[in-house]
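Here's a friendly walk through a protein model for someone meeting it for the first time. Have a look at the sequence and the fold, and then we'll go through them together.

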Amino acid sequence: MSTKNGWGLALALLSGAMLSGGCDMSSAGLAQAEETPAPSDRAAAPEATASTTRGVDMTETTAPPPGTAAASGSIATPAPVPDASGTIPFSFEAPAQPPETPPSECVLPMPTTGEPAKVFAAGAYGGRDLGFQIDQSGNEAGRIDVAVNHPGAPVILMLGSYDPTIWHVGWSRGTRIAAVLIGGYHRQVVTGLPKDVPVLISTYDNKGPCGYFYVSAERAQTLNPIARRAFGRPVDMVYLAQKGRVLVGDALGDAGGLITDAGARPDESFRIADAQLAGEAGLAYAESRGWVRKASQADANAWLAARSAQPKADVPPIAGGRPAGHISLHNGYVVLKAFTLPEGLYGAHSGTFFVPKGVPRPQGTLGHSTLYDFNTLTCTGAGCERD
């Protein structure tokens, strides 16, 4: 045997020994490997690969199955899956719209094309009674229906009522209402107009930019100055409402019927909740809830007696005694428990309140009302000088 063949035989024998001792590839060894499952916490996973599609990080990483705890203790959130176009949903929360701000100028847009616009004023002190309130004035709301028939030149409406009023506007086909200015002392609302018609409401209560006005024969002289500010021109004609209705423009005749916007709101949609009622209606609501009860002459006499028994500092005696005094019981109530006075207690809507010992004074604004407090034997309000 040559030296070369001897070295080859030695290498072969050495390789065989290594294979048989360190890596058993027999069929029995393979079967044993297949029958032994891999531990659950060492499940096989592909190595991380990274790719970026349209700016979205699509990196795949080894992660626990869905619903199992991640290493940090939080629940793993599956990555969004792109659609066929390579995009995923974009999570975005739009910011809230800023609140609408009331107009600061007494100006309404005038039509710039076609025939010059006509300015028509219409209204009354109040409309026909609706039996409910739409504001905190204490006054019952009224309704005025306005029918406009003036085909051709665009129409600017100047509507005004002192009392809180719901204006319903309709028009004949061929009539175009270009803008509406509404005035009043208390709240005014309008319905039936198309959404693209500019509307400006200016009342005493909302401190509107045109001041407050309403339409009547006695106050006709106040209209042109406001119309010139708002439209740059005076009123062409004034129409007075009767029983909550007014026709503006031409007689209807063969006008072909009147139309209004399909989205016109019903009167009830403007009604305020019972808990917000003002004036006498608010007091009646308080009585229904057991917060107050109707006052009687006995309550007034009890106050007068308590006041007379109170010593007067540095007041000379009066021969025959001090007069008994008088207390008006107009809208008179005895306060039974803590509550808040309704708004609108002014003029005829004011009240008279007695607060017995141990009962807290009501919160809120007295307005023109009078309050007699037995806890302090003090009087507060408009009627204190009369008792």
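Let's begin on the inside. The largest nonpolar core has 21 residues, and V146, L157, L159, I177 and V248 are the ones that touch the most other members. Strands β3, β5 (142–149), β6, β7, β8 (177–184) and β12 (245–249) each put at least two residues into this core. Keep in mind as you read that this is a predicted model.

Leaving out residues up to four places away in sequence, I177 touches V148, V155, L157, V169, W171, L193 and V197. There's also a second, separate core, made of 20 residues, with V119, M158, A178 and V215 among them.

Now for a couple of buried spots. S161 sits in strand β6, and its relative accessibility is 0%, so it counts as buried. Which residues is S161 in contact with, once neighbours within four places in sequence are set aside? They are A124, Y125, G126, G127, I144, W167, G183, G184, Y185, Q188 and Y214.

T203 belongs to strand β10. With a relative accessible area of 3%, T203 is buried, because buried means under 20%. Not counting residues up to four places away in sequence, T203 touches G183, G184, Y185, H186, Q188, G208, G211 and Y212. Compare the lists: G183, G184, Y185 and Q188 turn up among the contacts of S161, and they turn up among those of T203 as well.

**Rings and charges**

Next, the aromatics. The structure holds 13 aromatic pairs. One of them joins Y162 and Y214 edge-to-face, with 5.8 Å from centre to centre and 85° between the planes.

Y204 and Y212 make another edge-to-face pair, at 6.2 Å centre to centre and with 85° between the planes. Y204 is partly exposed, with a relative accessible area of 38%, and Y212 counts as partly exposed too, at 30% relative accessibility. Ring pairs link these tyrosines into a cluster made up of Y125, Y162, Y185, Y204, Y212 and Y214.

Elsewhere, R265 lies over the face of F270, 4.0 Å from the ring centre.

**The disulfides**

A search of the whole structure finds two disulfides. A disulfide is a covalent bond between the sulfur atoms of two cysteines. Here they are side by side.

| Disulfide | S to S | Torsion about S-S | Handedness |
|---|---|---|---|
| C106 and C210 | 2.0 Å | 105° | right-handed |
| C379 and C384 | 2.1 Å | about -95° | left-handed |

Where do the ends of the C106 and C210 link lie? C106 is in the loop between β2 (56–57) and β3 (118–123), while C210 is in the loop between β10 (199–203) and α3 (223–231), so the link joins distant parts of the chain, 104 residues apart. C106 counts as buried, at 6% relative accessibility, and so does C210, at 2%. C379, by contrast, is partly exposed, at 25% relative accessibility. Counting bonded cysteines along the chain, the pattern is 1-2, 3-4.

**Helix α4**

Last stop: helix α4, which covers residues 279–288 and has G279, G282, L283, Y285 and A286 as its buried residues. Why do these residues share a side of the helix? They cover an arc of only 155° around the axis, which puts them on the same side of α4. As background, an α-helix has 3.6 residues a turn, so residues three or four places apart point the same way.

What do the buried residues of α4 pack against? Their partners are the strands β14 (292–294), β15 (332–335) and β16 (352–355). After α4 comes G290, which has a positive phi, near 80°.

Definitions and conventions. Residues are numbered from 1 along each chain as its sequence is written. This is a predicted model: local features need pLDDT of at least 70, side-chain atom pairs count only at pLDDT 80 or more; totals for chains, interfaces and linings use all residues. Side-chain values use heavy atoms; hydrogens and water are left out. A disulfide is a pair of cysteine sulfur atoms within 2.5 Å. Helices (H or I, at least four residues) and strands (E, at least two) are DSSP runs, numbered from the N terminus. Buried means under 20% relative accessible area, exposed over 50%, partly exposed in between (1.4 Å probe, protein chains only). Rings of Phe, Tyr and Trp (its six-membered ring) pair if their centres lie within 6.5 Å; planes under 30 degrees apart count as stacked, over 60 as edge-to-face and the rest as tilted. A charge sits over a ring if NZ of Lys or CZ of Arg is within 6 Å of the ring centre and within 35 degrees of the ring normal. The arc is that of the directions from the helix axis to the C-beta atoms. Contact means heavy atoms within 4.5 Å. A nonpolar core is a set of buried Ala, Val, Leu, Ile, Met, Phe, Trp, Tyr and Cys residues joined through side-chain atoms within 4.5 Å.
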